[in-house]
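Please look over the sequence and the structure before reading on.

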Amino acid sequence: MRYLLNAVVAMLTVAALPALAADEYPKLKAGQWEMLTDAGKGAAPRKTTMCTDDAVQKELIDMGVGMQKEMCSKNEMKRDGARVTSTSQCKIGESTIVTKAVMTFAGDTSYRTEIDSTYAPPFMGMKDAKTTMEGKYVGPCRDGLVPGDMLLPGGQKINIKNLGSARAAAAPKAK
């Protein structure tokens with residue numbers, strides 16, 4: 001459960017990136033990526049694999065903009081070369097999460113994100129969290145993955161394109 005919570009915080013951090021102008025957003029190389037998430041507190045790092053392309057990156061940005069509008073009252077971003085810093089304040093349930101993150105890119109083939117979060121009141125027993133995410137390009141998509149596919153740490157395969165469709169279908173229809 002702690003991994004899921006840290007994944008949500010990481011998604012909110014990545015969701016904050018759309019606050020940058022489109023030409024400021026660091027574009028990642030299309031292909032297969034491996035991401036290691038270390039939630040600290042003695043837990044082993046967890047690996048996620050994702051196949052991405054330009055369309056998937058755009059969809060992630062669009063999804064992030066939507067999440068930010070729904071959940072976050074504060075979102076400040078600053079890019080300085082290969083480093084993006086962000087501060088956000090978001091609401092999950094009754095808890096307010098204040099997140100400070102630094103994302104450093106090494107060209108378009110790797111990045112490292114350090115995330116510090118506090119929860120008030122504590123969320124699922126957590127008052128604070130330190131999470132590190134490292135992503136690296138490992139080559140063209142393989143292992144039967146197509147753009148949008150993610151292999152989660154437990155072996156579950158999802159496609160983020162389907163998440164966006166499911167989210168849109170669940171949204172209330174305007175009359």
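Strands β3 and β4 run antiparallel and are joined by eight bridges; two strands count as paired if DSSP finds at least two bridges between them. The model is a predicted one, in which local features need pLDDT of at least 70 and side-chain atom pairs count only at pLDDT 80 or more, while totals for chains, interfaces and linings use all residues. Residues are numbered from 1 along each chain as its sequence is written, and side-chain values use heavy atoms, with hydrogens and water left out.

**Overall make-up**

- The chain holds three helices and nine strands, where helices (H or I, at least four residues) and strands (E, at least two) are DSSP runs numbered from the N terminus.
- Along the sequence these elements follow the pattern α-β-β-α-β-β-β-β-β-β-β-α.
- Of the 175 residues of the chain, 37% count as buried; buried means under 20% relative accessible area, exposed over 50%, and partly exposed in between (1.4 Å probe, protein chains only).
- Among contacts (heavy atoms within 4.5 Å) between residues at least 6 apart in sequence, 53% join residues at least 24 apart.

**The sheet**

- Nine strands make an open sheet with antiparallel pairing, in the order β3-β4-β5-β6-β7-β1-β2-β8-β9.
- The edges are β3 (72–80) and β9 (157–159), each with a single partner strand, so one side of each has no neighbour in the sheet.
- From one strand to the next, the twist averages 20 degrees; axes are lines fitted to C-alpha atoms, for helices over the stretch in contact, and angles run from 0 to 180 degrees between N-to-C directions.
- As background, strands of a sheet pair through backbone hydrogen bonds, either parallel or antiparallel.

- β4 pairs with strand β5 (residues 95–105) in the antiparallel sense over 10 bridges, and serine 86 stands opposite alanine 101 in β5.
- Two residues also lie between the strands in the hairpin of β4 and β5, where glycine 93 has a positive phi near 60 degrees.

**Strand pairs around β7**

- Strand β6 (residues 110–123) and β7 pair in the antiparallel sense over 10 bridges, with glycine 135 in β7 as the bridge partner of tyrosine 111.
- In the hairpin of β6 and β7, which has two residues between the strands, the residue with a positive phi near 50 degrees is methionine 124.
- Strand β1 (residues 31–38) pairs with strand β7 (residues 126–139) in the antiparallel sense over seven bridges; in β7, lysine 136 is the bridge partner of glutamate 34.

**The pair of β8 and β9**

- Strand β8 (residues 149–151) and β9 pair in the antiparallel sense over three bridges.
- Lysine 157 in β9 is the bridge partner of leucine 151.

**Helix α2**

- Helix α2 packs on the sheet, where it touches β2 (46–52), β3 and β4 (83–92), and its direction makes about 135 degrees with that of β3.
- The 18 residues of helix α2 (residues 54–71) should span 26 Å at 1.5 Å a residue, and the end C-alpha atoms are 26 Å apart, which agrees; the expected span is 1.5 Å times one less than the number of residues.
- Val56, Gln57, Met63, Gly64, Met67 and Gln68 are the buried residues of α2. They lie on the same side of α2, because they cover an arc of only 140 degrees around the axis, taken from the directions from the helix axis to the C-beta atoms.
- Lys58, Lys69 and Glu70 are exposed on the other side of α2.
- Aspartate 53 caps the N-terminal end of α2, with a side-chain oxygen 3.1 Å from the backbone nitrogen of alanine 55.

**Two single residues**

- Glutamate 59 lies in helix α2 and counts as partly exposed, at 23% relative accessibility.
- Glutamate 59 and glycine 148 are 89 residues apart in sequence but 9.2 Å apart in space, C-alpha to C-alpha.
- Serine 117, in strand β6, is buried with a relative accessible area of 4%.
- The side chain of serine 117 makes a polar contact with the side chain of threonine 99 (3.4 Å); a polar contact is a pair of N or O atoms within 3.5 Å, where within protein one must be able to donate a hydrogen and the other to accept it, and residues adjacent in sequence count only if both atoms are side-chain atoms.
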